[in-house]
Amino acid sequence: AEAALVEIWQGLLGLERVGVRDNFFALGGDSILSIQMASRAAERGLRISPQQVFRHPTIAELAAESGAAEDVGAQAEQGEVEGEVRPGPIQAWYLDWPGTDWEQFSQGAYLGLDGVVDPEALIAALQAVAQRHDALRIGWRRDGERWIQESGAGAPVEVKAVDLRGLADAEAALERDAAELQAGLRLDGASLWAARLYRLDAGWRLLWLAHHVSVDGVSWRILLEDLWRAYAALSRGEAAAWPAKTMSYQAWSRRLWEWAETLPESTLRYWREMDAPGMSLPGVGAGEDTVAAESRVSLQWDAETTERWLRQAGEAYRMRPEELLVAALARALRRWTGAEECVLDLEGHGRDGLADVDVSRTVGWFTSLYPLRLPQSGELSRELKSVKERMRGAPDGGIAYHALRYGGRGSELGGHARTVCFNYLGQWRLDEGGEPRATWLGEPPGGTRSAGMARRYALDVVAQVHEGRLRVDWLYNAARQEQGAVAALAESFRAELEAVLAHCLSPQSGGLTPSDLPLAHL
């Protein structure tokens, strides 16, 4: 078991050497990588839950705690799931979107492909992956005021290869074609996914899209891993072989809504307390706030600083990478707004709320989205500890907030809007994909949302690591906010993060907090 886990950690974390007593999070692991680890462990015959990784974060401990994975497949439907699927909490939030022009909302992978590409095998691999994952076969229909989600109702998708070689306006032609593809991905569309292969003079590109209602960030890791798995097999003339399915979104949703009915009153009280109005942001003008006016400021860090943040700074206070980012963000927002309390919404992956439920290889939109109140003292060490405890103190990974809100027991939740949302998408690596070698090309072309779609936050802050470098995007309305003000806020965040790293790596830092001593109350 230990040898298998060492190999898995090396691949996920991009490290040549891993010790059996190294801490997963000190090596740069995060909650999303813990899900991928559980999935890969199951393929090697080991049953490990992401929750176990938090309790036993070393290979030695996990190997001792792991069970056999033979029964994982027995617990989940391995055939094609059919029938109605009750919307999950985040889907219910999406169906409650303000305004009218919100049905086009996609996510995607836009990749450059190096080396020899077999377009027929790649198209066949895309089709095979879509057939394998039930979320890509879902269809939605309107029944009066109610939206109905039905597994198996999605129409087959034709994937084409488009040859743009020799065209003077090849990039413009690609953008037009992508925009048409994006516009077709509406909630009531025939299918919830689409893909296109483009051949340009410089090589091949893949654009793979799915409606956000069926996928999230973890889903894309599953889909891309399965795509290269299927492509390799089909290129050899073999059939694609798949790992066992985990619990379907249909079964997970049913289980989750039943669970929400059993939540204690203390959980509802907690979310009532957290559900506070958002901060007033300086310099934000009045007027319509739609995607048409959205702009962004982007910051990127070098590999050395990213390494300090991911694998070194967290050790002092036993903090995870995303907790360090939130601490720096809260301090930057305090300087900008003057607020003594930072109130914002946080996104999480949402797959860890239910005990004894494995969705590590399930495609779907599981995201948790919940409010967090962070008191500000001005003293860095105290604020780091406070952020850590507040983030870890959110019950059930935050999934209960919208489960209570849309399940009926907490219908008063959501009465206060937040102005800032933070989302850490984790680490993205494509170097394990095999052939063809793929590189990220940035945001998918064509527009992932309709121009008239309302924006829910004045400021969306999205952090992720691509190929070993941290990037943070600040999305705002250019018609209501000055670009210079957002850029200044972003640079303030950069300075605060550097201060956090410097403090955490200094001899004066460190200390335990209550979450480090879960048995202390005994």
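**Cavities and rings: a quick tour**

Okay, let's start with a hole: the second largest cavity in this predicted model is lined by Ile35, Gln36, Ser39, Arg40, Val218, Arg221, Ile222, Glu225, Ser360 and Arg361. By cavity I mean a set of points, on a 1 Å grid over the protein atoms alone, where a 1.4 Å probe fits but cannot get out, and lining residues have an atom within 4 Å of a point.

The lining splits into three nonpolar, three polar and four charged residues. Asp, Glu, Lys and Arg are the charged ones; Ala, Val, Leu, Ile, Met, Phe, Trp, Tyr, Cys and Pro are nonpolar; the others, Gly among them, are polar.

Some bookkeeping: numbering runs from 1 along each chain as its sequence is written, and side-chain values use heavy atoms, with hydrogens and water left out. Local features need pLDDT of at least 70 and side-chain atom pairs 80 or more, while totals for chains, interfaces and linings use all residues.

Of its 18 lining residues, Asp134, Ala135, Ser248, Tyr249 and Thr362 are the closest to its centre.

Now the rings. There are 22 aromatic pairs, meaning Phe, Tyr or Trp rings (six-membered for Trp) with centres within 6.5 Å; planes under 30 degrees apart are stacked, over 60 edge-to-face, the rest tilted. Trp309 and Tyr424 make an edge-to-face pair, 6.0 Å centre to centre with 85 degrees between the planes. Trp309 sits in helix 11 and Tyr424 in strand 13, 115 residues apart. Trp309 is buried at 1% relative accessible area, and Tyr424 is buried too at 9%; buried is under 20%, with a 1.4 Å probe and protein chains only.

Ring pairs also join Trp93, Tyr94, Trp97, Trp102, Phe105, Trp147 and Trp365 into a cluster. Over the ring of Trp97 sits the charged end of Arg456, 4.5 Å from its centre. The rule there is NZ of Lys or CZ of Arg within 6 Å of the ring centre and within 35 degrees of the ring normal.

Notes:
1 Å grid on protein atoms, 1.4 Å probe; cavity = no way out; pocket = protein on both sides within 12 Å on 5 of 7 lines; lining within 4 Å. Helix = DSSP H or I, 4+ residues; strand = E, 2+ residues; numbered from the N terminus. Buried < 20%, exposed > 50% of the residue type's maximum accessible area, 1.4 Å probe, protein only.
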